[in-house]
Amino acid sequence: GEVRERTLALLAENGMDRAAAAAILDVFPDAALLRQRPELLAWQVDAVLSSGGTSTVVVVRPPDVRGGTELFVCTPDRDGVFAAVAATLDRLRLDVVAARVMSSRDGRALDTFTVLEAGAQAPVPAERAADLQGALERVLGAPVLRTQPSHRGLTRRLRHFQRPPRIDFHGGDGQPLTRLALVCSDRPGLLVATAQAFLDAKVRVHDARIATFGDQVEDFFELSDSHDAPLDEAQQQSLREALQRRLAPGSMTVGPES
């Protein structure tokens, strides 16, 4: 298609071998070409090609047009990758303002995050990019993924405005995955708490679209059970309870005023 050809043309302009680039692009899922700009795809393919076959690839690039710092992770897919990345970003005091989670045809997680410095809501300074990259490479290279959050507390002001999450499931009628729409109040560590709930309920994340509007977050996830099948009613209820437990307004400690 047009996106594929534009992506390959951009890579060729940068001196990349077309056949090698095409081979990498061919293992990307259809969603990658449908939902991402050729410039972003070219950056991702370039990162994988330039890695020399390293199993885990982490690259950071300067702020995008929305002002956030973009981060791309390519690593062997296994349960907990999404939670481990989210927890690492949280420990580094970075807020995720957008995310795209996908799986390649050859069993790798292809996750892209747009992040801002927590509090300052500014892009990641260049000098921190290497620290961010190194931290994620260490976490994802470990035999056991570290998925615990940093327990950043809510200020009393934020605590006052927390509302119960709205959780809606969509699927059935032969759909290969279950879609979750999650609307809730923004707060530190929100994505980590959500990822923890997925682990609690033994649910796998196949795609995620995350958007923040002021103090409200609207997230959409494509989910399956541990066998890559859609969630049945009992599994949906189990996940609903896990999310309500992790995201309840009183589920985080009150931090210092700010």
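This is a predicted model: local features need pLDDT of at least 70, side-chain atom pairs count only at pLDDT 80 or more; totals for chains, interfaces and linings use all residues.
Residues are numbered from 1 along each chain as its sequence is written, and side-chain values use heavy atoms, with hydrogens and water left out.

**Exercise 1.** Find out which residues of helix H6 are buried.

*Solution.* Start by locating H6, which covers residues 126-141; helices here are DSSP runs of H or I with at least four residues, and strands are E runs of at least two, numbered from the N terminus. Next, pick out the residues under 20% relative accessible area with a 1.4 Å probe, protein chains only: Ala129, Leu132, Gly134, Ala135, Leu136, Val139 and Leu140. Finally, look at what covers them: strand E1 (57-63) and helix H5 (81-91) are among the elements that do.

**Exercise 2.** Work out how the axes of H2 and H4 are oriented.

*Solution.* First, take the axes of H2 (residues 18-25) and H4 (residues 38-49): they come within 10 Å and cross at roughly 105°. Angles of 65 to 115 degrees count as roughly perpendicular, and H2 and H4 are therefore roughly perpendicular to each other. Then see who meets whom (heavy atoms within 4.5 Å): Ala20, Ala21, Ile24 and Leu25 of H2 face Leu41, Val45, Val48 and Leu49 of H4.

**Exercise 3.** Find the side chain with which Arg108 makes a polar contact.

*Solution.* Begin in strand E4 (residues 108-117), where Arg108 sits. Now look for a pair of N or O atoms within 3.5 Å, one able to donate a hydrogen and the other to accept it. The partner is the side chain of Asp106, at 2.8 Å.

Definitions and conventions: The expected span of a helix is 1.5 Å times one less than its number of residues. Buried means under 20% relative accessible area, exposed over 50%, partly exposed in between (1.4 Å probe, protein chains only). Axes are lines fitted to C-alpha atoms, for helices over the stretch in contact, and angles run from 0 to 180 degrees between N-to-C directions. Angles under 35 degrees count as roughly parallel, over 145 as roughly antiparallel, 65 to 115 as roughly perpendicular and the rest as oblique.
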